[in-house]
Amino acid sequence: MCIRDSPCTYYYGFVNNKPPLDDVRVRRALVQSIDRQSLIDNVLKGGQIPATSFAPPGIFGAPEPGTVGLPYDPDAARASLQEYLDEQGLTIEQFNTQSPITLMYNTSEGHALIAAAIQQMWNDTLGVDVRVENQEWSVYLDTIQKDTPIDDAPHVFRLGWCADYPDQNNWVHEVFNSEAGANRLRRGCNDATCTSVTPSEFDELTAAAAIEPDPAVREEMYREAERILADEEAAYAPIYHYTIVRVTKPWLTRNYPLLGGNDFFNWTIDWEAKQAAQ
């Protein structure tokens with residue numbers, strides 16, 4: 001058996017223009033309260049890679065896992081939330097009453113287990129009470145669109161993204177750019193249904209990287225974009241990069257393409273070892 005990387009990432013999106021998640025300190029507190037390794041070890045159990053940024057290994061321009069973004073840091077998380085509470089003149093009990101946070105996922109036993117684990121982490125670390133809801137996939141997709149009335153949108157939603165092609169343009173730009181991407185995070189929105197946006201440094205960077213001819217420069221631009229999105233803005237919470245568990249005969253030597261089908265012509269069989277095993 002072996003565990004191989006998969007070009008997919010599981011993340012929690014924050015609706016950036018919905019109070020209290022319109023304050024970066026609250027988003028930062030939620031991100032840094034997620035113990036990804038504990039989630040992987042105790043809930044997922046598939047050798048997944050903890051994610052603090054978006055694009056996974058194998059994608060051009062993807063930073064090395066763990067080198068960009070906000071790691072698990074409960075002390076920093078509590079400090080961020082406390083700073084917000086002090087400024088607002090709130091206790092955590094008042095925060096939970098006045099600003100109840102909703103976490104939504106599409107109906108799935110696996111998503112439910114992850115949501116329950118993270119809900120507990122947020123409560124244990126921050127004292128934040130989070131209401132968990134689920135919807136069937138087709139309804140869910142409509143609910144998390146950027147033009148859903150803000151009162152009907154959850155504060156936090158789960159999604160995953162898998163590569164259409166192995167380049168960061170397909171990731172940070174096409175998913176999160178406020179003008180060219182899906183922008184379900186509602187970054188830079190000027191109104192409740194996001195009919196207009198104000199582009200940020202991140203948006204300008206990913207647009208410029210798409211037409212930059214120098215690969216080395218593009219890599220650095222995408223690394224900076226990942227840093228801004230996950231660290232400076234704390235616009236969302238990366239959770240993990242997917243893996244695939246494979247069982248292979250010991251006499252078979254094969255490769256594992258990141259994208260596309262199996263290229264069987266590159267596989268080899270040790271016939272003597274196979275016959276001995278039989």
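Does Cys8 count as buried or exposed, and what is the relative accessibility behind that: which is it? Cys8 counts as buried because its relative accessibility is 8%, where buried means under 20% relative accessible area, exposed means over 50%, and partly exposed lies in between (1.4 Å probe, protein chains only).

Before going on, a word on the model. This is a predicted model, so local features need pLDDT of at least 70 and side-chain atom pairs count only at pLDDT 80 or more, while totals for chains, interfaces and linings use all residues. A disulfide (a pair of cysteine sulfur atoms within 2.5 Å) joins Cys8 to Cys162, with the sulfurs 2.0 Å apart. This pair ties together distant parts of the chain, 154 residues apart: Cys8 sits in strand β1 (residues 2-14) and Cys162 in strand β5. Helices (H or I, at least four residues) and strands (E, at least two) are DSSP runs, numbered from the N terminus. Cys162 is partly exposed, at 38% relative accessible area. The torsion about the S-S bond is about 115 degrees, so this disulfide is right-handed.

A search of the whole structure turns up two disulfides. The other one links Cys189 and Cys194, S to S 1.9 Å, and is left-handed, with -70 degrees about the S-S bond. Cys189 counts as buried at 15% relative accessibility, and Cys194 is buried too, at 7%.

Strand β5 (residues 156-162) also leads us to β3: the two pair in the parallel sense over two bridges, and strands pair if DSSP finds at least two bridges between them. Here Leu103 stands opposite Val156. Strand β3 (residues 101-106) has six of its six residues buried. Ile101, Leu103 and Tyr105 lie on one side, with Thr102, Met104 and Asn106 on the other. Six bridges join β3 to the parallel strand β4 (residues 130-135), and Met104 stands opposite Glu133 there.

Now for helix α9 (residues 215-232). Its 18 residues, at 1.5 Å a residue, should span 26 Å, and the end C-alpha atoms are 24 Å apart, which agrees; the expected span is 1.5 Å times one less than the number of residues. Buried residues in α9 include Met221, Tyr222 and Leu229. Among the elements covering the buried residues of α9 are α8 (201-209) and β6 (236-246). At the start of α9, a side-chain oxygen of Asp214 reaches to within 2.9 Å of the backbone nitrogen of Ala216. Just after the helix, Ala234 takes a positive phi of about 45 degrees.

Terms used. Residues are numbered from 1 along each chain as its sequence is written. Side-chain values use heavy atoms; hydrogens and water are left out. Contact means heavy atoms within 4.5 Å. A polar contact is a pair of N or O atoms within 3.5 Å; within protein, one must be able to donate a hydrogen and the other to accept it, and residues adjacent in sequence count only if both atoms are side-chain atoms.
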